[in-house]
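Subject: Structure handover

Hello,

Here is the structure I said I would pass on. Please look through it first; my notes follow below.

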Amino acid sequence: MSHPAFVRVALAALVVVPALGGAACNKKSDDARPAAGSGSAAPAAAAPQDKPTIKIGMVASFSGPFADISKQLMGGIKTYMKQHGDTVAGKKIELLTRDTTGPLPEVAKRLAQELVVQDKVDFLTGFGLTPEALGAASVATEGKTPMVIMNAATSIITTKSPYIVRFSLTLPQVCAPLGDWAAKNGIKKVVTMVSDYGPGHDAEAAFTKAFTAGGGQVIDAIQTPVQNPDFSSFIQRVKDKHPDAVFVFVPAGQQSIAAMKAYDERGLAKAGIKLIATGDVLDDHNLATIGDPALGAISSYHYSVAHDSPENKAFLEAYRDANGADAGLPNFMSVAAYDAMSAIYDVITKLDGKIDPDKAMDILKHEAFTSPRGPISIDPETRDIVQTVYLRKVEKVNGELRSVEIQPLVTNMKDPGKDAGK
Amino acid sequence: MTGRGGAIGAGLPSDRWRIWDAALWLAPVAAYFVFPDHLVLGSQVIIAALFALSLDVVLGYAGITSLGHAAFFGLGAYTAGLLAAHGWGEPLTGLACAAVVAAVVGYLTSFLVVRGSALAQLMITLGVDLLLREAANKAARWTGGTDGLSDLPVGDLLGVFHFDLAGRTGYVYSLAVAFAAFVLVRRVVSSPFGLSLRAIREGAARMPALGAPVGRRLVAAFTFGAALAGIAGALLTQTSQGVALEVFGTERSASVLIMLVLGGTGRLYGAFLGAGLFMLMQDYLARLDPVYWQLWIGCLLVAVVLLGRGGVLGIAEVLRARWTRGSVP
Amino acid sequence: MAAFITVLFDGVAYGSLLFVISVGMSVTLGLMRFINLAHGAFAMFGGYTACVLAERWGVSMFASLPVVLVGFAAVGAVLERLVYRWVSRTRPLDQVLLTIGIAFIATAVASKIWGPYPRRLAVPEALTGQLHVLGVDLGIYRLFLIGMVVVITTVLHVLIERTRFGAQLRAAVDRPEVGAGLGIPVNQVFTASFAIGSGLAAVGGVLGVETLGLDPVFTFRFMVYFLLVVVVGGEGSIVGSALAAGALGVFDVVGKYYFPSVGGFLIYGLMVVLLLVFPHGLIRRGR
């Protein structure tokens with residue numbers, strides 16, 4: 001194929017010049033982050049205590065199929081920083097963001113290591129996915145850096161390093177109360193359907209244990225591939241087993257939307273099969289996308305945007321203010337990130353800007369405050385979140401779908417997964 | 001060091017070492033001293049380069065298109081990981097076991113692969129990888145499923161060097177293994193075996209007439225490539241003391257293919273150049289812009305294709321040819 | 001028995017979905033032998049365009065289909081002229097690199113414009129719900145998808161096998177020099193077929209949103225499925241693609257229904273087996 005070489009070169013230049021220029025400009029103009037991470041290592045300060053800034057290194061999946069998680073986490077962080085400013089105890093807060101691209105522990109470990117060794121961050125945070133948190137755990141231990149988990153929900157994470165503290169949830173924490181409630185409320189036969197990965201297995205085990213302890217019977221347990229495009233055959237199987245209810249856990253987003261679509265299309269509600277789920281399946285942000293088929297669905301969870309409290313009202317307003325009306329609703333991930341920032345700010349204030357890792361952990365271990373989700377605290381033994389788990393039902397509030405809290409199922413619920421492991 | 005490959009005959013590819021070979025290999029050694037803070041990234045680049053080198057054997061020399069090369073990377077990674085998890089943390093024997101396991105599975109699957117058309121090869125390798133990934137997910141009791149195995153008790157290298165947080169041991173170890181693998185691969189591709197591979201790639205139909213058993217040669221090359229990929233996977237497990245399901249990821253197969261094609265196939269150094277270029281660009285761009293860096297990496301790939309054929313080394317060759325022609329009119 | 005028929009129907013419907021989202025690639029990869037890994041990007045942008053049309057101007061899905069078909073055919077033609085033309089047809093690896101690069105760009109652009117969250121597209125009222133036939137529930141949207149497969153396959157088959165354009169295309173692909181020598185406008189034929197492939201990809205995206213959802217990683221998430229359908233179907237055969245999609249869909253859905261514990265293995269296992277039995281795909285176009 002013959003063609004003028006200059007055409008190729010010109011085309012290539014057309015692509016490359018904006019690429020390099022754009023990437024460089026983006027550094028300055030990207031308003032998506034409160035403080036863009038700087039690539040160049042800061043000059044080493046004389047002593048970590050005397051630095052003019054406090055650095056927070058955030059490791060999460062900013063690109064790829066799990067980018068929606070980091071979008072929510074950033075939403076929560078921005079909300080908190082817009083409300084409380086970026087200066088604490090006279091120190092400027094610098095947030096350095098690093099992209100893992102997905103559940104890759106070795107990449108998360110490398111990024112955490114660089115943040116600790118090169119950038120000398122005072123806190124590690126983010127961690128949307130369990131493999132990211134597990135990968136970085138040893139860095140937190142060796143580098144003596146407090147690591148504040150914003151989302152990853154597998155039970156074992158906090159046992160992996162004495163420097164880990166978690167502000168999100170564990171799946172056993174929300175599934176066990178639901179199993180218990182179902183057994184006591186006239187549901188006798190259940191089919192469980194969970195995603196075939198760590199959190200899914202945790203959810204299935206915790207629900208089944210509590211439900212059968214209360215006299216219920218699990219007649220079929222389905223595990224769906226993690227990236228399952230279409231749920232119709234699984235849901236049809238549920239329908240043909242004629243249970244009283246189907247218990248569902250799949251991750252929020254593409255999977256929850258697809259599962260709810262099949263639930264609606266197969267007419268399970270009409271066939272008298274109730275949907276009981278974790279809040280992931282009906283998360284606040286994606287509920288509008290799922291639409292009316294969600295009406296009447298029962299779920300157990302620790303946060304709903306419909307939670308009635310002054311703290312939550314203030315949070316929702318601040319969220320819209322910081323992220324714009326187009327950003328949609330925050331969900332449980334934003335709230336966990338918001339609370340994690342609140343705890344980090346608290347540590348900085350109490351230590352007057354001089355971060356000593358062990359003192360910081362001591363404060364983090366004893367955190368207790370009222371979050372937008374209700375009262376929360378950290379269990380000093382396990383460094384894991386203690387919170388109220390609510391029973392919710394999807395209803396229309398002022399024309400919009402909301403998971404309305406009916407009753408608290410358990411107050412001050414610890415993670416039951418830790419005891420199960422012992 | 002001088003190989004005997006040069007003795008085969010003039011005009012044939014030689015594995016004789018030249019001055020610029022030494023210069024190229026001195027670069028990563030120098031990097032150890034110049035960038036002591038970036039050694040973890042460095043070791044992961046080297047591991048990706050070794051992985052790309054293993055694909056170069058399969059794709060660049062044997063001409064087998066693979067979109068599932070992560071299958072062998074993953075097998076190696078899990079072999080080393082499971083050994084360490086069950087008390088066998090000695091790195092070098094772990095590496096050897098990983099190579100053996102990957103080679104055995106590579107040998108068995110090669111029979112499914114070598115016969116088909118390029119597209120069928122692409123899809124069968126991809127299918128094998130996805131099936132292995134699913135099997136590893138199902139065997140969560142042993143493999144840890146998506147969460148993987150973490151905090152693996154990997155032993156000290158040679159019983160002396162601890163795998164430290166700064167990644168010094170990991171870097172030197174990866175570099176030494178990659179260098180040894182490179183020497184081996186270079187020796188093999190310039191041997192009569194390597195030459196017959198090249199001939200097969202250029203015209204498979206003619207080779208049986210010359211007495212070369214095409215199928216067996218391709219099986220051998222695929223097995224060799226699988227073993228090297230297994231070593232790369234094991235290195236990743238050992239240097240990061242962990243392994244998770246994504247070692248089998250299609251993304252990993254695809255990105256190693258991108259790295260190799262970006263650097264240039266069938267040239268050995270293309271694997272190193274491509275891996276280095278892709279991973280360092282990605283690291284740099286993702287620091288500037290963690291959310292949308294893919295835009296710029298995409299532009300880079302498009303530009304390389306538009307500028308010439310055969311990746312960066314292909315472009316370099318054309319430029320060099322033009323330069324020498326220009327200077328000697 | 002009713003259960004089996006329901007599941008069988010679902011399988012055919014799922015196969016239809018696989019075919020619809022992949023048919024554009026059967027044209028570009030299958031017929032033109034251009035490895036277009038950015039196929040999913042056309043599908044994704046097609047889907048987003050329909051979403052925007054619906055949200056901004058209330059255009060129904062039916063009405064957006066022709067708009068998207070024509071619009072993206074034009075985009076495809078322009079891209080073919082501007083970029084794809086310069087990539088050697090004889091070097092498939094360069095095609096891989098180029099189209100992966102384009103897929104990266106598309107992913108980043110989509111996530112910049114529309115954000116990372118999944119979207120859905122409202123399906124016309126007439127296509128929602130289920131039909132009750134002989135005691136079996138059939139989803140109306142699924143019936144519609146099966147109908148679309150029949151229409152698209154017939155039209156393409158006739159276009160390629162029975163028209164002058166089809167003959168020119170086949171000649172141009174198999175022997176470009178000879179084709180040019182015989183006065184076939186090879187370049188225009190390629191541009192036109194690439195345009196058709198792109199337009200169909202976008203239409204597939206619109207039709208697929210209902211079931212598969214739409215987010216910026218659509219291109220990569222379903223890349224394996226596109227390749228699966230086209231390669232198992234056989235290069236250059238639209239009917240082959242339809243058969244492959246049907247077989248894979250039925251096997252996957254029936255398998256997941258009766259043996260959910262091996263759900264993740266089924267489709268890839270079948271693919272490997274089919275390719276071993278039919279190394280050149282189910283239907284190989286005669287030379």
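Axes here are lines fitted to C-alpha atoms, for helices over the stretch in contact, and the angle between two of them runs from 0 to 180 degrees between N-to-C directions. The model is a predicted one.

Helix pairs in chain C

With that in hand, take helix H2 (residues 39-57) and helix H3 (residues 61-82) of chain C: they pack at about 135°, and their axes are 10 Å apart. Angles of 65 to 115 degrees count as roughly perpendicular and those over 145 as roughly antiparallel, and H2(C) and H3(C) are therefore oblique to each other. The crossing of H2(C) past H3(C) is right-handed. On the H2(C) side the contact is made by C:Phe42, C:Gly46, C:Thr49, C:Ala50, C:Leu53 and C:Ala54, and on the H3(C) side by C:Met61, C:Ser64, C:Val67, C:Val68, C:Gly71, C:Phe72 and C:Gly76. Sorted by class, this contact of H2(C) with H3(C) holds eight nonpolar and five polar residues, with no charged ones.

A second pair in chain C is helix H6 (residues 164-174) with H8(C), whose axes come within 10 Å and cross at roughly 110°. H6(C) and H8(C) are therefore roughly perpendicular to each other. From H6(C), C:Gln168, C:Leu169 and C:Ala172 meet C:Val186, C:Val189, C:Phe190 and C:Ser193 of H8(C). Five nonpolar and two polar residues make up the contact of H6(C) with H8(C), and no charged residue is part of it.

A helix pair in chain B

In chain B, the axes of helix H4 (residues 91-113) and helix H5 (residues 118-138) come within 10 Å, crossing at roughly 145°. H4(B) passes H5(B) in a right-handed crossing. H4(B) contributes B:Thr109, B:Leu112 and B:Val113 to the contact, and H5(B) contributes B:Gln121, B:Ile124, B:Thr125 and B:Val128. Of these residues, four are nonpolar, three are polar and none is charged.

Chain A

Chain A contains 13 helices and 15 strands. Of its 422 residues, 61% are buried. Taking contacts in chain A between residues at least 6 apart in sequence, 73% join residues at least 24 apart.

One helix of chain A shows where its buried residues lie. In helix H12 (residues 357-365) of chain A, A:Ala360, A:Met361 and A:Leu364 are buried. Viewed down the axis of H12(A), the buried residues fall within an arc of 100°, so they line one face of the helix. The buried residues of H12(A) pack against strand E6 (164-166), helix H11 (332-350) and strand E13 (374-379) of chain A.

Contacts between chains

Between chains A and B, 48 residues of chain A are in contact with 37 residues of chain B. On the chain A side, the elements giving two or more residues are helix H1 (5-29), strand E3 (91-99), helix H3 (105-117), helix H4 (130-142) and helix H6 (198-213). H1(A) supplies the largest share of that side, 11 residues. By class, the side of chain A that touches chain B has 20 nonpolar, 16 polar and 12 charged residues.

Chain C meets chain A as well, with 29 residues of chain C in contact with 33 residues of chain A. Helix H1 (2-31), helix H8 (186-212), helix H11 (238-258) and helix H12 (263-277) of chain C each give two or more residues to this side. H1(C) gives the most, with five residues. The side of chain C that touches chain A divides into 12 nonpolar, 11 polar and six charged residues.

Regards

Note on methods: Residues are numbered from 1 along each chain as its sequence is written. Chains are lettered from A and ligands numbered from 1 in the order in which they are written. This is a predicted model: local features need pLDDT of at least 70, side-chain atom pairs count only at pLDDT 80 or more; totals for chains, interfaces and linings use all residues. Helices (H or I, at least four residues) and strands (E, at least two) are DSSP runs, numbered from the N terminus. Angles under 35 degrees count as roughly parallel, over 145 as roughly antiparallel, 65 to 115 as roughly perpendicular and the rest as oblique. A crossing is left-handed if the near helix is turned anticlockwise from the far one by less than a right angle, and right-handed if clockwise. Two residues are in contact if their C-beta atoms, placed from the backbone, lie within 7 Å. Ala, Val, Leu, Ile, Met, Phe, Trp, Tyr, Cys and Pro count as nonpolar, Asp, Glu, Lys and Arg as charged, and the others, Gly among them, as polar. A residue is buried if 20 or more other C-beta atoms lie within 10 Å of its own, exposed if 12 or fewer, and partly exposed in between; C-beta atoms are placed from the backbone. The arc is that of the directions from the helix axis to the C-beta atoms.
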